[in-house]
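I opened my notebook and went looking through this one entry by entry. Here is what I looked up, in the order I looked.

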Amino acid sequence: MNSSTNQVYPVIWHNDSVSLIDQTRLPNEYTFVEIHRCSDMAEAIKTMIVRGAPAIGVAAAYGMYLGAREIETNNRNEFLNSLEKVAQLLRSTRPTAVNLFWAISRMLKTAYETLGTVEDLKQTLLYTAQTINAEDLQTCYAIGDNGLAVLPKTPEKLTILTHCNAGALATAGYGTALGVVRSAFREGRLARVFADETRPRLQGAKLTTWECVQEGIPVTLITDSMAAHCMKQGLIHLVVVGADRIAANGDTANKIGTYSLALVAKAHNVPFYVAAPLSTVDFSLSSGNEIPIEERNPEEIYKVGGSTLTPDGVEFYNPAFDVTPAELIAAIITENGVFAPGELANSRLKQVAIP
Ligand code: MRU
C-alpha cells in the first residue's frame, strides 16, 4: 500500500512528448518543461532540470525514443547506426549516475533484439521507455517497504537524517532514501526527517523539504556542517541516503558530503544506510576508486543568489559526488531486500542488475 494523494512524478510521457518537472525552479515555482527532441532531453539532464540517478535513467530512456523518432530512414542498419549516435549524445550529459548508462544500454539492446520494420523498432523503444519508468516506480515502493526492516525497534518514533534529494523527484516517484522515509511515515514510525541543505546546489533545502511539506512529513532543515552536532545531541536515530553508483564491493558514490556524513555517523554509532535500486550497482567496477566523479561549474560554489562570494584570485574545486567506503555502510536497501555491502557481488543480484 503506497498510494498517496500528493504523489510527485518528475518524468511523464504525455501528448507524444515528455513533461519534466523543472527542478531548477522548485520550490518557488512548480512548472513543467515539454521535451520533444532528444537534444533538448540531453540539455535538460545536463542543466539538472531533471536530476537524481533513477530519474536521469528514465529521462534518458525517453530521450532514446525521441532520438529514434527523429531518425529518417527505413533501413534497419542505418537506423541502428544513427541510434548509437543518439546514445552517445545522452551518455555525454552526466558521468557519475550509472542509471543513465544502464537505461541507454537497455534501450539499445532492445533495438538490436527487436525484429521487424524500423517503425516496429521505434514503437518497441517507446514501450521500453514506459516500462523502465513504470518499473522504477514499483522498485521505489519495494525499496521503501524493505527499508522498514532496518528501522531500530525503539519505543519512540524515529528521526531519520538524509542528504541531497533521493525522493520522488530523483526517481520515477516515491524515492529511494525518501521512499524509506515515506514508508516509515505511513507506518507511524517516523517522528521527523532532518534534511541536510546539500551545498552547493541545495537539493536538500529546495527539493527534499518541498517533497516533505507536500505530504505533511515533519521536516527540519540543517546545514551540512550541523550533522555531527545533531548526532552528538542524540537527535538522529539513523541516516539513509541514495546512491548514484555502487561498485561491486559496496563502495557508494552519492552527492558530495555523503562521505563526511558517513564518517560522522560512524563516530557517533548512528547506523548509515544506502537505499538504491539494483540498476545503480555497477558490477563492472571492483571498487569505488573506479567511479567517475563529475566536476561541475565552479560558479555553483562561488555565486549565491547572483552575487559573488569571493575575491579575485581564488581557485575552485567543485566535485559533485564523493565515494563512501563500504565499511562505513551498515547495509544497502534494494528492491530485492537488504544486503550487507559485501553481499552485493552475489550472482543472483548480478542477473537482475545487468540488462
Ligand atoms: O546531482 P544530483 O542532484 O543528480 O545528485 C543526486 C544524488 O546524489 C542522489 O542522492 C542520488 O542520485 C540518488 S537519487 C534516488
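**Entry 1**

I started with Glu211 and Arg182, whose side chains meet in a salt bridge with N to O at 2.9 Å; I took a salt bridge to be a side-chain nitrogen of Lys or Arg within 4 Å of a carboxyl oxygen of Asp or Glu. The pair links distant parts of the chain, with Glu211 in helix α7 and Arg182 in helix α6, 29 residues apart. Helices (H or I, at least four residues) and strands (E, at least two) are DSSP runs, numbered from the N terminus.

Are these two partners buried or exposed? Glu211 is buried at a relative accessible area of 1%, and Arg182 is buried at 6%. My scale calls a residue buried under 20% relative accessible area, exposed over 50% and partly exposed in between (1.4 Å probe, protein chains only).

**Entry 1: ground rules**

I noted that this is a predicted model, where local features need pLDDT of at least 70 and side-chain atom pairs count only at pLDDT 80 or more, while totals for chains, interfaces and linings use all residues. Residues are numbered from 1 along each chain as its sequence is written, and side-chain values use heavy atoms, with hydrogens and water left out.

**Entry 2: other salt bridges**

How many salt bridges does the whole structure hold? My search of it found 14. Asp145 forms one with Arg186, the closest N and O atoms being 3.1 Å apart. Here too the pair links distant parts of the chain: Asp145 belongs to helix α5 and Arg186 to helix α6, 41 residues apart. Asp145 is partly exposed at 26% relative accessibility, and Arg186 is partly exposed at 33%.

I also looked up Arg25 and Asp22, whose side chains meet in a salt bridge at 3.3 Å, N to O. Arg25 is partly exposed at 41% relative accessible area, whereas Asp22 is buried at 6%.

**Entry 3: where the domains meet**

The protein is divided into domain 1 (11–142) and domain 2 (149–346), with bounds from an automatic or database domain assignment. Their C-alpha centres lie 25 Å apart. In contact (heavy atoms within 4.5 Å) are 30 residues of domain 1 and 32 residues of domain 2.

The two domains bury about 2600 Å² between them, 59% of it on carbon and sulfur atoms; buried area is the accessible area (1.4 Å probe) that two parts lose on being put together, summed over both. On the domain 1 side, Arg51, Thr96 and Val98 lose the most area to domain 2, together 23% of what that side buries.

Between the domains I counted one salt bridge. Separately, I looked up Glu294 and Arg94, whose side chains form a salt bridge at 2.9 Å, N to O. Arg94 and Glu294 are also linked in a salt-bridge network with Arg201, Arg296 and Glu300.

Which residues are joined by cis peptide bonds? Another joins Arg199 and Pro200, with omega about 5°; Pro200 lies in the loop between β5 (190–196) and α7 (203–215).

Last, I checked Cys164, which has a positive phi of about 65° although it is not a glycine. Cys164 sits in the loop between β4 (158–162) and α6 (177–186) and counts as buried at 6% relative accessibility.
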